[in-house]
Amino acid sequence: MEQAAHGRSLFSDALRRLRSNKAALASIGVLGFIVVAAVVGPWLSPHNYFTQDYGAIWIAPTLADAHWLGTDGLGRDLFVRALEGGRISLMIGFVATLVSLIIGVAYGATAGYAGGRVDGVMMRIVDILYAMPFLFFVILLMVFFGRNILLIFVAIGAINWLDMARIVRGQTLALKQQPFIEAARMSGAPAVSIIARHIVPNLLGVVAVYITLTIPQVILFESFLSFLGLGVAEPATSWGALIKDGADEMGRAPWLLIVPAVFLAATLFCFNFIGDGLRDALDPKDR
Amino acid sequence: MLLDVRDLKVSFDTPDGVVEAVRGLDLRLAAGESVGIVGESGSGKSQSVLALMGLLADNARVSGSATLQTDTGALELIGAKRRVLERIRGARIAMIFQDPMTTLNPHLRIATQIKEVITRHRGLRGRAATKAAIEMLEAVKIPDPARRIRYYPHQFSGGMRQRVMIAMALACEPDILIADEPTTALDVTVQADILDLMAELRQRTNVALLLITHDLGVVAGQCERLLVMRHGEVVERGAIDPIFEAPAHAYTRDLLAAVPKLETPHFARASS
Amino acid sequence: MLSYALRRLLGAIPTLLILLTLAFVMMRAAPGGPFDADRELPPQVRANLEAKYHLDEPLYQQYGRYIWDVAHFDFGPSFQYRDTSVNDLIAQGFPVSLKLGAASLAFALIFGIPLGMLAALRQNKPADYGAMTVAMLGISIPNFVLAPLMILLFAVYNDWLPAGGLGSWQNYVMPVLALGTAMMAYVARLARGSTIEVMRSNYVRTARAKGLSAARVVWVHALPAALTPIVSFLGPAAAGIITGSVVIETIFGIPGLGQFFVQGALNRDYTLVMGVVLFYGILIVLFNLAVDLLYGWLDPRVSY
């Protein structure tokens, strides 16, 4: 049965569906809390993330002396370090995703819009790059050129754009067939302005889903590097680096492992749920 | 009465509220009889027959009654247990659908798909089932059936696939064949072939036909009686000829007007 | 089919060449050579060593030599482990990694597919929500978090499983779980999505209209299409397992290829690291080819 077409726009429809998705809403709440805590939290504690205090090593989580989540083997406060690590992890997540977003959208939209041989060559390049074990190259980069946060951004962003390029290209190809694009082309609008004014805005939905699913991937990858000892350098820290330290001492001080592990897992969990909810909201055929 | 449907109602729970698809359908079908249900898409005609078969989606609400006459007495189909319905489907009531390109499983050989229904309802296995399946393909006039039974669906044309569907549907000698827009997706010439085949097989097997279509021309050649549905309700019903000559409802007149003028419907019916 | 396989293999050659070139350039651009170790070597010894490993030749010659060797499946001598070739090290480490990776993949498929399909058949019911929440947890807990947590629980607090090394099957339990859980969760989500879709397809409706049992509808009619996206996922899955094995082998002290890679990278063992990267590259190309052929077997419409 068909229903009468209702006047709601795609966007407000999606918003309504997202609002009825309790798991996604809860995730947004938890994630917001983690982000705010990472930004503001360190100021609430009398401690900082790098001062070593040999009079207070291996302290389990306690209210005494404001070591709410305990201390590590150098007497550094874990509450502050975990949130400080969160700042770095989240920042890498956002920035590297932005890098891959810009490259991916530009590349994918161009390939999809150009079509034909240009598209063929551009996508063949993507195919070839897909087959590269990039993770290993990033590891090599870290080893050779030192642990440089900027390098992490670039390296991770440069890998992740491939997915984005593919998705955007597919969408652009489909969009190109739509009458309103056809009309813009007939009226002689230049390709660049058609891409910028008509194609890119219509990609917002897919891009939003992609962003929420890429950020956790990036955070995960940075943590992976840090865990191998190839991420951010001491005394700066990230969740991955903290998990690494915690894993080394878990017999003696399990909180050093559990606290950053919970932060990392909770963040990834929330991002994944939001991404899922967003995708269902924009394309509700599976629900 | 072979099938007796009374006050059948179908509605769907959707995120935007309840949508009523069928608002009270009454239908009687005698053994060997042929009835057409005509209406535009969204008129509730497909939902009605899917409800009889228990094949609607989970969010469907069905009420009313539909009794099927069986060897062991009258059987209520609406709300029947899944296992009971499984014995009826394919055995007593068989169904063919609109798009033969998607209604056969692309991953399985034709042999598998015909034999499984023969095995299920007639208890034949192995070589006996294969033999029966080949006979069915022969009956629907597929050339070289012994070889083609090994084909996958994509190796057949659209018309051939619909023949396979018909072979599958009639494999267990059902009492009722429900055909949901059986020729809509086919080329015009192929449509005629399929309709001729259905008429011939009906004559031979005396299966009752419930033909669902938007095309009054198709109904004219196949059916004795006719129901016109619109917005989930029956707006007109009766024998074919009177309706074609003097449609009572404005909507039926519109439908009739849509039948190409030059091609006058031929009223010679296969069963008469 | 054979010609298709050959064509695909030939098509992989540019990919491999680019991979090789990239690896070579990066290695040569890297600051610090393999002999910049702790103490200064006498110039003569150093020259001898460089001559032995052809490091004194012009770059293009080294490049040509390397490609030539790799084309003959000779990855050269290891810089770190003197007198051992990279081939030897791969031959030594790969079987261990393969066992671990295959077991993890098997675990992911054997548990993930039924879990996802059952969730799909109970769509939007408590069992579905439960299974998908568990799957989401599985995806969100990285293997390098899961591994130490498991060690803490099963080896440190309770003496149920060995924390590392190799020997009996018990040694494999935790590494396989750590490596396979996220994969299983992902497979379950894919299987759920594809099953929901195929259960709404016309041909499944036909199968039900034929009166087939629910079990036959699901396991005979719906299964092939439900598996299709999982087959496509096998390529990335293999890459993910290879990556994951690097960290899992390090955590559990398993002498596999992943650990060699980490050690080689830290020791600037050029040939070893390049050999491992190339080996993995070739492996992934071959694996993707196998996946494509599997695809054709699953879907008779695919022709080569």
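How many bridges join strand β4 of chain B to β5(B), and do they run parallel or antiparallel? Four bridges join the two, and the strands run antiparallel. Keep in mind for every view below that this is a predicted model.

**View 1. The four-stranded sheet of chain B is open and antiparallel.**
Read across the sheet and the strand order is β2-β1-β4-β5. The edges belong to β2 (17-29) and β5 (73-76) of chain B; each has a single partner strand, so one side of each has no neighbour in the sheet. From one strand to the next, the twist averages 15 degrees. At the β4-β5 end, where β4 covers residues 60-70 of chain B, look for B:Thr67, which sits opposite B:Glu76 of β5(B). Helix α1 of chain B, residues 45-53, packs on this sheet and touches β1 (3-14), β2 and β4 of chain B. The direction of α1 makes about 105 degrees with that of β1(B).

**View 2. β1(B) and β2(B) make a hairpin.**
Two residues lie between the strands of this hairpin. The pairing of β1(B) with β2(B) is antiparallel and runs over 10 bridges. To get your bearings, find B:Asp4: its bridge partner in β2(B) is B:Arg28.

**View 3. The six-stranded sheet of chain B is open, with mixed pairing.**
Here the order goes β6-β7-β8-β3-β9-β10. At the edges are β6 (93-96) and β10 (233-239) of chain B, each pairing on one side only. The average twist from strand to strand is 15 degrees.

**View 4. β9(B) and β10(B) form a hairpin with two residues between the strands.**
Among the bridge partners, B:Val228 goes with B:Glu236 of β10(B), and B:Met229 goes with B:Val234 of β10(B). In this hairpin, B:His231 takes a positive phi near 50 degrees.

**View 5. B:Glu173 and B:Asn206 are two loop residues with positive phi.**
B:Glu173 is found in the loop between α7 and β7 of chain B. Its phi is about 50 degrees, which is positive even though B:Glu173 is not a glycine. Is B:Glu173 buried or exposed? With a relative accessible area of 62%, B:Glu173 is exposed. B:Asn206 belongs to the loop between α8 and β8 of chain B. The phi of B:Asn206 is near 60 degrees, again a positive value in a residue other than glycine. B:Asn206 counts as exposed too, at 51% relative accessibility, because the cut-off for exposed is over 50%.

**View 6. Helices α8 and α9 of chain C pack against each other.**
The pair consists of α8(C), residues 202-209, and α9(C), residues 214-252, with axes 10 Å apart and at an angle of about 170 degrees. Angles over 145 degrees count as roughly antiparallel, so α8(C) is roughly antiparallel to α9(C). On the α8(C) side, the contact uses C:Tyr203, C:Val204, C:Ala207 and C:Arg208. From α9(C) come C:Val217, C:His221, C:Ala222 and C:Ala225. Sort the contact residues by type and you get six nonpolar, one polar and one charged. In an unreviewed entry, UniProt places the feature "domain: ABC transmembrane type-1" at residues 94-295 of chain C. Over those residues the chain is 85% helix and 0% strand, with the end C-alpha atoms 27 Å apart.

**View 7. Chain A carries the UniProt feature "transmembrane region".**
The unreviewed entry lists residues 23-44, 88-109, 121-143, 149-168, 189-213 and 255-274 of chain A. Take residues 121-143 of chain A: the span is 87% helix and 0% strand, and its end C-alpha atoms lie 33 Å apart. Residues 255-274 of chain A are 100% helix and 0% strand, with 28 Å between the end C-alpha atoms.

Conventions. Residues are numbered from 1 along each chain as its sequence is written. Chains are lettered from A and ligands numbered from 1 in the order in which they are written. This is a predicted model: local features need pLDDT of at least 70, side-chain atom pairs count only at pLDDT 80 or more; totals for chains, interfaces and linings use all residues. Side-chain values use heavy atoms; hydrogens and water are left out. UniProt positions are given in the numbering used here, feature names are shortened, and annotations may be inferred rather than shown by experiment. Two strands pair if DSSP finds at least two bridges between them. Axes are lines fitted to C-alpha atoms, for helices over the stretch in contact, and angles run from 0 to 180 degrees between N-to-C directions. Contact means heavy atoms within 4.5 Å. Buried means under 20% relative accessible area, exposed over 50%, partly exposed in between (1.4 Å probe, protein chains only). Angles under 35 degrees count as roughly parallel, over 145 as roughly antiparallel, 65 to 115 as roughly perpendicular and the rest as oblique. Ala, Val, Leu, Ile, Met, Phe, Trp, Tyr, Cys and Pro count as nonpolar, Asp, Glu, Lys and Arg as charged, and the others, Gly among them, as polar.
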